[in-house]
Amino acid sequence: MCTRLAFSCLAAVAALASCGKDAASGDSDPAADAAIDDVPAGYTRLLGSTWQLPVGANVYKCVRVTFAEAMYITSFSTDAPAGTHHAVLALADDTTAGPDGERDCDGGTIGKIMLYASSVGTAPFELPSGVGLEVAAGQQLHLNLHLFNPSDEALAGETAVFAKVQPTPPPTLAEMVLAGPLDISIPSDNQPHAVTGECTATSPYTLFALWPHMHTFAKRQKVELVRGAGASVLHDKEFRFEEQRYYAVEPMTDVAAGERIRVTCTFVNNSGNQVTYGDGAFSEMCFSGLYRFPAADSYEYCGN
């Protein structure tokens with residue numbers, strides 16, 4: 001089953017860097033961090049937001065940009081200074097389209113067809129040779145930013161998404177979809193608890209990369225391909241909130257219609273409160289962002 005999902009998150013990011021200082025006075029200078037000076041070599045700036053966050057701020061910003069000419073994306077990179085919790089890039093749809101520009105929004109304002117997501121510590125991600133994501137001529141991109149400042153100083157900066165693009169289509173077009181359970185309830189007993197969800201393929205595809213996303217109670221994520229009574233492990237690693245990277249599925253894995261992707265997340269809760277699904281400071285998520293081809297214009301969440 002595919003359904004709409006709020007991809008909102010809220011988790012305290014440890015050791016946030018302080019905002020810029022004026023060299024002469026030592027006073028905070030929010031403008032010092034507010035601009036990105038250099039675009040990574042070979043990349044194009046797609047869209048982003050310049051922001052200022054007072055102490056305790058927890059906000060969502062959405063940015064829309066329409067591109068007159070078709071482009072095909074083969075690599076992503078995010079410039080995400082302290083204060084950035086996540087960035088979700090999607091094609092604008094009937095729930096997110098509107099005039100180009102920036103506006104306040106919420107965690108559920110995403111769009112149905114995702115292109116890319118990043119969070120704390122996400123390194124640049126390059127699609128395999130000959131594989132890309134399509135942005136058609138006249139299509140609008142929509143960026144959802146979650147900005148959060150748990151530090152004791154004001155923060156300022158610019159969060160932007162960059163991409164390597166080409167004007168001609170690659171041989172293979174891909175897409176991104178989230179898979180994982182929404183039913184999360186972790187008791188505060190300082191013991192490991194596993195939560196599992198499955199995503200059933202409605203048509204065949206090839207899986208080539210994945211992106212684990214959880215919050216600060218998370219310890220491990222395991223992703224399996226379930227065929228009949230058997231299962232093969234695609235990913236099984238410890239999770240670090242401060243380093244949410246993409247992982248290549250090697251070798252690329254064919255998934256037949258009716259087969260399932262099983263996502264299992266392990267959490268340890270010593271907060272003194274029950275932890276459930278959500279975007280609060282004492283909430284959790286268990287998702288694996290799956291990159292696959294061919295593109296089927298799927299919704300951004302697949303689970304049961």
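A salt bridge here is a side-chain nitrogen of Lys or Arg within 4 Å of a carboxyl oxygen of Asp or Glu.

This is a predicted model, where local features need pLDDT of at least 70, side-chain atom pairs count only at pLDDT 80 or more, and totals for chains, interfaces and linings use all residues. Residues are numbered from 1 along each chain as its sequence is written, and side-chain values use heavy atoms, with hydrogens and water left out.

**Overall make-up**

The protein has 0 helices and 23 strands. Both are DSSP runs, numbered from the N terminus: helices are H or I with at least four residues, strands are E with at least two. Of the 304 residues, 50% are buried. Buried means under 20% relative accessible area, exposed means over 50%, and partly exposed lies in between (1.4 Å probe, protein chains only).

Four strands form an open sheet in the order β14-β19-β16-β17, with antiparallel pairing. β14 (192-200) and β17 (230-238) stand at the edges. Each has a single partner strand, so one side of each lacks a neighbour in the sheet. Two strands pair if DSSP finds at least two bridges between them. β14 and β19 (residues 260-268) pair over 9 bridges. In β19, T266 is the bridge partner of A194.

**Salt bridges**

The protein has 11 salt bridges. Three of them are listed here.

| Pair | Closest N to O |
|---|---|
| R227 and E259 | 3.0 Å |
| K112 and D94 | 3.7 Å |

E198 is buried at 16% relative accessibility, whereas R262 is partly exposed at 22%.

R227 sits in strand β16 (residues 218-227), and E259 in the loop between β18 (247-255) and β19. These two are 32 residues apart. R227 is partly exposed at 42%; E259 is buried at 15%. Salt bridges that share partners join E198, K222, E224, R260 and R262 into one network.

**A loop residue**

E69 lies in the loop between β2 (58-66) and β3 (71-79). E69 is exposed, at 64% relative accessible area. Leaving aside residues up to four places away in sequence, E69 touches V135 and A137. Contact means heavy atoms within 4.5 Å. The C-alpha atoms of E69 and A137 are separated by 4.2 Å, though the residues are 68 apart along the chain.
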